[in-house]
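Please look through the sequence and the model shown here before reading on.

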Amino acid sequence: MPDSTKLSTASGQLGPVCAVTGKALTFGEAIVLDGEYLCMEAYVEKTGASPSTEGKEVQDLNLD
């Protein structure tokens, strides 16, 4: 069970707060490194890792 002082609902869901940036995350976004929850940017900064794929632009489909 995560420490309740390190949780937030700022993103609309209960989730951890990044230990480096303080950004509110969902559990699906969070990366655990050495027992700390990190956002992707903090993980890349701490480990020097980089994504194995490149992102792609997706056209916004307005389904009103």
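**Residues, cysteines and a pocket**

Beyond its neighbours within four places in sequence, Ser8 is in contact with Gln13, Leu14, Gly15, Val17 and Ala24, contact being heavy atoms within 4.5 Å. The model is predicted, and local features need pLDDT of at least 70, side-chain atom pairs count only at pLDDT 80 or more, and totals for chains, interfaces and linings use all residues. Residues are numbered from 1 along each chain as its sequence is written, and side-chain values use heavy atoms, with hydrogens and water left out.

Ser8 belongs to strand 1, residues 7-8. Strands (E, at least two residues) are DSSP runs numbered from the N terminus. With a relative accessible area of 17%, Ser8 is buried. Buried means under 20% relative accessible area, exposed over 50%, and partly exposed in between, with a 1.4 Å probe and protein chains only.

Thr26 sits in the loop between strand 2 (15-16) and strand 3 (31-33). Its relative accessibility is 15%, so Thr26 counts as buried. From Thr26 to Cys39 the separation is 13 residues in sequence and 9.7 Å in space, C-alpha to C-alpha.

The phi of Asp34 is near 55 degrees, a positive value in a residue other than glycine. Most residues other than glycine have a negative phi.

Cys39 is also part of a cysteine pair. Cys18 is buried, with a relative accessible area of 3%, and Cys39 counts as buried at 2% relative accessibility.

The largest pocket holds about 170 Å³ of space. A pocket is an open set of points on a 1 Å grid over the protein atoms alone, where a 1.4 Å probe fits, with protein on both sides within 12 Å along at least five of seven lines; lining residues have an atom within 4 Å of a point. The volume is the space filled by probe spheres set on the points, which are joined across faces, edges and corners. Eleven residues line the largest pocket, and Lys6, Val17, Gly35, Glu36 and Tyr37 lie nearest its centre. The lining divides into seven nonpolar, one polar and three charged residues. Here Ala, Val, Leu, Ile, Met, Phe, Trp, Tyr, Cys and Pro count as nonpolar, Asp, Glu, Lys and Arg as charged, and the others, Gly among them, as polar.

Key: Helix = DSSP H or I, 4+ residues; strand = E, 2+ residues; numbered from the N terminus.
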